[in-house]
Amino acid sequence: MKHKPSGKNTNCLENMICPDCGNEDELHIDVTTTVVMIDDGSVKHGDLDYDQTSICYCPKCKADGTVGDFTVMSEKLAKAEEMAKAEQIWSAMDKNQKAAVRIGMFPAEIMQAAEKEGYGVRDLSVALMNQAKRDGGMIA
Ligand SMILES: [Zn+2]
C-alpha cells in the first residue's frame, strides 16, 4: 500500500484509506442493515454491519475492493497479530521443533506453513525466537 492514513480519522474511518489515490475523507462501503420502511420510503435504519470482506469503493478515483483492501493495520495491531500467530505456531510445534528454534534453527515445514499464512520468514524467525524466550529461555 503506497498511501498511509494521516491519522486524522479516529472513528469509523480510522486506519482506512484509498490504496490508489490516498483519499481518506469519504469511502463507500456496502453494509447490511435493517430499515424501518413506510410507504414513502425508509425513515430509520439500524446498526450498519460490515467487515473486512465488505465491498468498499473510493468515490474520488473509483478504485474498488474490500474494506480489508482499504485498511492499513496500525503498527500496534500488526505486532499483536504477529505475536498471536507466533504463539499459535509455537504451541502446535513438537518438542524437537521447539528445541531446534531454541538453537536458532527453523524447521522447514514450520517456515512453509508460516509463509502460507503470509508471514515473512524473517518476521516469523524473530517472533518465534521471542516466543521461545517467553517459553523458557534460549539455549545459545
Ligand atoms: Zn481513490
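What radius of gyration does the chain have, and what would a compact globule of 140 residues have? In this predicted model, the chain has a radius of gyration of 21 Å, whereas a compact globule of 140 residues would come near 14 Å. The box filled by the C-alpha atoms, taken along the principal axes, is roughly 70 × 30 × 25 Å. Of the 140 residues in the chain, 11% are buried. Contacts across the sequence can be described as well: among those with a separation of 6 or more, 49% are between residues 24 or more positions apart.

Turning to secondary structure, the chain contains five strands and four helices.

Strands of a sheet pair through backbone hydrogen bonds, in either a parallel or an antiparallel manner. Here, three strands form an open sheet in the order β1-β4-β5, and their pairing is antiparallel. Strands β1 (28-29) and β5 (64-66) take the edge positions, each with a single partner strand, so one side of each has no neighbour in the sheet.

Within this sheet, strand β4 covers residues 55-57 and is joined to β5 by three bridges. The two strands run antiparallel, and a handy place to look at this pairing is Y57, which stands opposite D64 in β5.

Conventions. Residues numbered from 1 in each chain as written. Predicted model: local features only at pLDDT ≥ 70, side-chain atom pairs only at ≥ 80, totals over all residues. Rg over C-alpha atoms; globule rule 2.2 N^0.38 Å. Buried ≥ 20, exposed ≤ 12 C-beta atoms within 10 Å, placed from the backbone. Contact = placed C-beta atoms within 7 Å. Pairing = 2+ DSSP bridges.
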